[in-house]
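Here is a short tour for anyone meeting this structure for the first time. Have a look at it, then read on.

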Amino acid sequence: MSRAWLLCLLLVSSAATAETGIATAVRLVESRYAVRHHGVPGLWLAKPFMIGSGVSGLKVAEFDNFHIPAEDSYTLKQQLSKSLGAEWHPFVEEWSKRDREWSVIYTKAQEGKISMLIVTSDNGDGLTVVQIKLSPKALDQWVDDPIGSATHRNATGSKGLVAQKDVPKQAAEDHAAEDQTDAEIASSHAAK
Amino acid sequence: MKLKFALPSAMLVLASGITAGAQAIKVVNVTLDKKMLGLASKFMDDEDDAAGKRMISKLNGIYVRSLEFKNPGEFTAADVEPIHAQLQGPEWSHIVSVNSKAEKENVGIYIKTVNNQTVGMVILAEEPTELTFVQLDGPVNPEDLGELSGNFGIPKGIHVTPANKAQEQPKTEVKK
């Protein structure tokens, strides 16, 4: 019996470590700063507005009243890159002294889609970690104007993309799998 | 205040000290490596994008760093000098420089040549409150720069027109 449990644990553990993303980032922040994240109640309400935006698979974790100290952002980014692994590519990083904001955006190509992981910290909203999937058109917009897209995005990382009406409706196919963030993080914790 | 930039041959590595030491109120780094450029080129299906697609498919990466300052004069020529110094090596050529008094903008374009092949390009655009530094890593024709200008974080309106026989250097236009 204990062997079976060990086998199960190993399987869960390997599955959890095989894929990195929002859970990896949240776990890193929680362990480094001894803080706890929370999900976003009613996130599903935003989903209808995302259809046609080229953004899907929205996962959000928030840390209220917590922001990354400016002097720590460099170290955190190093650790984040290491934890996420080589499949995630650093894409945009932004510091704003004026808004006391720090953001870092990673991308990962997976099954013909692009996943984007956004970690953003500012004094007003605290720390937010967002993971989304982008359609090719939405990615094109980000690549065309990465600075503008990064600067003008909202907490879901989707501002500027929502305005794009002519993108294919690819968002719907992933909706069933959304809102898994907490379960993902919980299983990741359990596997740890 | 010295802006700490470093320019290794293959990839732009910008010292982290710049965020702490510089007076910039906003710093944005954009990294488009070969994989990302490959993905982007796949999605460039329009005929208008054909030249840009061809160009980026050959590049190893595009790296952009943009610094925004609150007031004019918060960075000076002396601050940018270390960057210029790194572009003085034998492989680098300063091909064009445009100083627009009206716009108070200076744009310098440098190319890196190895064995008569252009293997990289650096664009340094200075405005009173903004400094933008772009590195294109890979084979790039300066005359094709217009295809990328305004995209990928590269400042808008930079075009290098081919040199004719009467001119020694190509011309650059900076359009607003």
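## About the model

This is a predicted model, where local features need pLDDT of at least 70, side-chain atom pairs count only at pLDDT 80 or more, and totals for chains, interfaces and linings use all residues. Residues are numbered from 1 along each chain as its sequence is written, while chains are lettered from A and ligands numbered from 1 in the order in which they are written. The scores are ipTM 0.73 and pTM 0.74.

## Chain A

Chain A has eight helices and five strands; helices (H or I, at least four residues) and strands (E, at least two) are DSSP runs, numbered from the N terminus. Starting at that end, the order is α-α-α-β-α-β-β-β-β-α-α-α-α.

## Where the chains meet

The contact (C-beta atoms, placed from the backbone, within 7 Å) takes in 22 residues of chain A and 20 residues of chain B. On the chain A side, β2(A) gives the most, with eight residues.

β2(A) also pairs with β3 (residues 26–33) of chain B, antiparallel and over five bridges; pairing takes at least two DSSP bridges between two strands. Within β3(B), K26(B) is the bridge partner of S96(A).

## Confidence in chain B

The average pLDDT (the predictor's confidence in each residue, from 0 to 100) of chain B is 75, and 72% of the residues score at least 70. Over residues 164–169 of chain B, pLDDT is below 50. Where pLDDT is low, the predicted coordinates should not be read in detail.

Technical notes. Contact = placed C-beta atoms within 7 Å.
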